[in-house]
Amino acid sequence: MRLQLTSEGVTHTIEIDEGDGKGPVRVTIADREYLVDVSTPVPGLYSLLHEGNVFTVYVSQRRGRYEVQLGSWSTSVEVALPERPGPARKAAVVAAGRQEITAPMSGRVVQVLVQQGASVQEGAAVLILEAMKMETEIRSPIVGQVKEVRTEAGMAVETGQVLLVVEGN
Amino acid sequence: MFGKVLIANRGEIAIRVMRACRELGILAVAVYSQADRNALHVQMADEAYLIGPPPATESYLVIDRIIDTALACGADAIHPGYGFLAENAGFARACEEHDITFIGPSSRAIALMGDKTAARRAMQGGGVPVVPGMDHFLEDDAEALRISSEMGYPIMVKSALGGGGRGMRLVQQERELSEALRAARSEARSAFGDPAIYLEKFVQNPRHVEVQVLADAHGHVIHLGERECSIQRRHQKVVEESPSPIMTEELRARMGDAAVRAAQAANYRNAGTVEFLLDDERNFYFLEMNTRLQVEHPVTEMVTGIDLVQAQLHVAAGEPLRFRQEDIVLRGAAIECRIYAEDPAHGFRPSPGRIMALQSPAGPWVRDERGVFAGGEVSPYYDPMISKLVVWGATRPDAIARMRRALDEYIISGIKTTIPFHRWLMDDADFLAGRLDTSFIERRFPRQSPPRETLLQDLALLAAALEHARTTPQPSRAAPADGDGRGVSPWKLAGRMDVMRRRG
């Protein structure tokens, strides 16, 4: 199996050769090669043995990404089949000057601080979001004009939901 | 003793109180909002009643609905937990009026200590030193501007009803003032139902050390030593320990004495906490008294062997205290790590969502008090604390080593938690040396996490690839393998992994 994976902004090609299916799998990532014994006690839980060292890895799927938990460390991995261009690559090409401001977490909109057509500075607060009793200011990443306001005070929003669209000058 | 107690709270603290009730043979009644039908505290209760829609202001903070529920189900007493209505004098009064025992102090004592400015006046009268600040609530922004420039920045904006860092804002310069006042009022309104705020001079880099007291209805007041709570983010505690690493017997006696006097001044009954700021020269200043159980109560339980929730129940039922001051001995060291659904790598921002996998630490002297379960949802409506992890050791270094071990065992996936922060902390040189102050996190915690070992990163990629192969639907299991020269297909590998699993 050969896959392209993106994690923390870097894309890797991983090759997994399970050999005759009886022994450890051979894993190749760039110039690194590992022999890893893989067992799955329950779905989503991977017990990996590498050179006698034990690694217990939990993997769950969320919004098309794999959330990988290895001890207290976690990371997010996106997969693309080699035949198709990966969503990671597509996401990297941001329409120049047009920026969607999304909710960094699910919560409730307390106040929208700007109106459609308003000019905003980079770093200016545009919206206040409340989650878990804490208020967070959402800021504009660019200088520009507010093109769209897609939310209003009191609205419950989900992580990743587009709140505002700002177009750069 | 009571026959049935209603717990006017949710999450891990509701469960903590239920456990004490069970051990005393008392039936435990849960209340829940529409968002909490599946919550763990409902699953663990003997009885459970719906009290309203998800926002706390329409459910957990609605006094009438909780009183009506208690009357309807025949509860003799209400335990408020912490947060929500725990320090609401109106709620305690409503209980008194309906002949339901409020497991806490009298409404008068709550009102005195709850009005932070009145409490400051009372303490000054009793000769306990206080932090400079206002002795009344703020009228408007103009008054704030005037008082702040008189006192000099930095100043602290605080909620009148206070507690848990809610409605608190540090203001370094005048231009930050109006936004801080707005945010503090707004948070205070949603957390306590009252937007009143006041101002205090900000003491630079103090330690936050508090004393646990226990008082019965017969005039006995004792203290159970101190807790060091200096490690905070957003003025809310993250890690607590007992004893404080800098405590001496002499200082403990003086602070304990001041705490007991504070409780006596309020004619206090119940478990309570007197909070102090401690400066470099070990001068202490009264900060406030919390007229309720504290989140960090387990560290005191671990070093004293006293169950504080059971003690609350005994005292509320009118029994005299079972211990005298000379019976209280602090043994060993205990540490609590608050596990929040927050991302420490991104400024501790909230991370609500569904918990996918969960494995709780266990073993000797490890106590995990959790309000969530695998597959359960961490709601954006409520407090982000999902668990308190508490350990005990014969010495502070033993307790730290045990906490390190317990954190390594603790798995919560699907949401971000503060576990990686705690794991970092347990290796930090200043923490190990006990060099703590309330700016510790800002001062020490690196904003960038260190680069991961390549091996770990690669194994994470391997696990993600295997999970992808396992969960991606196969167009045809019977497709010929490798025959057309396309190489090994991921579908085929998934099939083989199934075989390996069955074999394993």
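Predicted model: local features only at pLDDT ≥ 70, side-chain atom pairs only at ≥ 80, totals over all residues.

The box filled by the C-alpha atoms of chain A, along the principal axes, is roughly 65 × 35 × 20 Å.

Residues are numbered from 1 along each chain as its sequence is written, and chains are lettered from A and ligands numbered from 1 in the order in which they are written.

Next I looked up the domains, with bounds that come from an automatic or database domain assignment. Chain A splits into domain 1 (2–90) and domain 2 (94–168). Their centres, taken over C-alpha atoms, lie 34 Å apart. Chain B has domain 1 (4–103), domain 2 (132–201) and domain 3 (454–503). For domains 1 and 2 of chain B, the centres are separated by 31 Å, again over C-alpha atoms.

Then the secondary structure. I counted one helix and 16 strands in chain A; helices (H or I, at least four residues) and strands (E, at least two) are DSSP runs, numbered from the N terminus. I find 29% of the 169 residues of chain A buried. Buried is 20 or more other C-beta atoms within 10 Å of the residue's own, exposed is 12 or fewer, and partly exposed is in between, with C-beta atoms placed from the backbone.

How many residues of strand S7 (residues 65–70) of chain A are buried? I get five of its six. On one side, S7(A) runs antiparallel to strand S6 (residues 53–62) of chain A, with six bridges joining them. I call two strands paired if DSSP finds at least two bridges between them. Arg62(A) sits opposite Arg65(A) of S7(A), and Arg63(A), in this hairpin with two residues between the strands, has a positive phi near 50 degrees.

S7(A) also pairs antiparallel with strand S8 (residues 73–80) of chain A, over five bridges. Gln69(A) has Ser74(A) in S8(A) as its bridge partner. Two residues lie between S7(A) and S8(A) in their hairpin, and Gly71(A) in the turn takes a positive phi of about 65 degrees.

On to Met105(A), which I found in the loop between strand S9 (98–102) and strand S10 (107–112) of chain A. Why does Met105(A) count as buried? Because 24 other C-beta atoms lie within 10 Å. Its C-alpha atom is 7.2 Å from that of Gly160(A), 55 residues away along the chain. Leaving out residues up to four places away in sequence, Met105(A) touches Ala131(A) and Thr159(A), plus Arg349(B), Pro350(B), Ser351(B) and Pro352(B). Contact here is C-beta atoms, placed from the backbone, within 7 Å.

Last, the interface. I logged 49 residues of chain B in contact with 52 residues of chain A. On the chain B side, the elements giving two or more residues include strand S16 (349–350), helix H8 (177–192) and helix H16 (454–471). H16(B) gives the largest share, 15 residues. By class, I have 28 nonpolar, ten polar and eleven charged residues on that side. Nonpolar is Ala, Val, Leu, Ile, Met, Phe, Trp, Tyr, Cys and Pro; charged is Asp, Glu, Lys and Arg; the others, Gly among them, are polar.

Methods
Contact = placed C-beta atoms within 7 Å.
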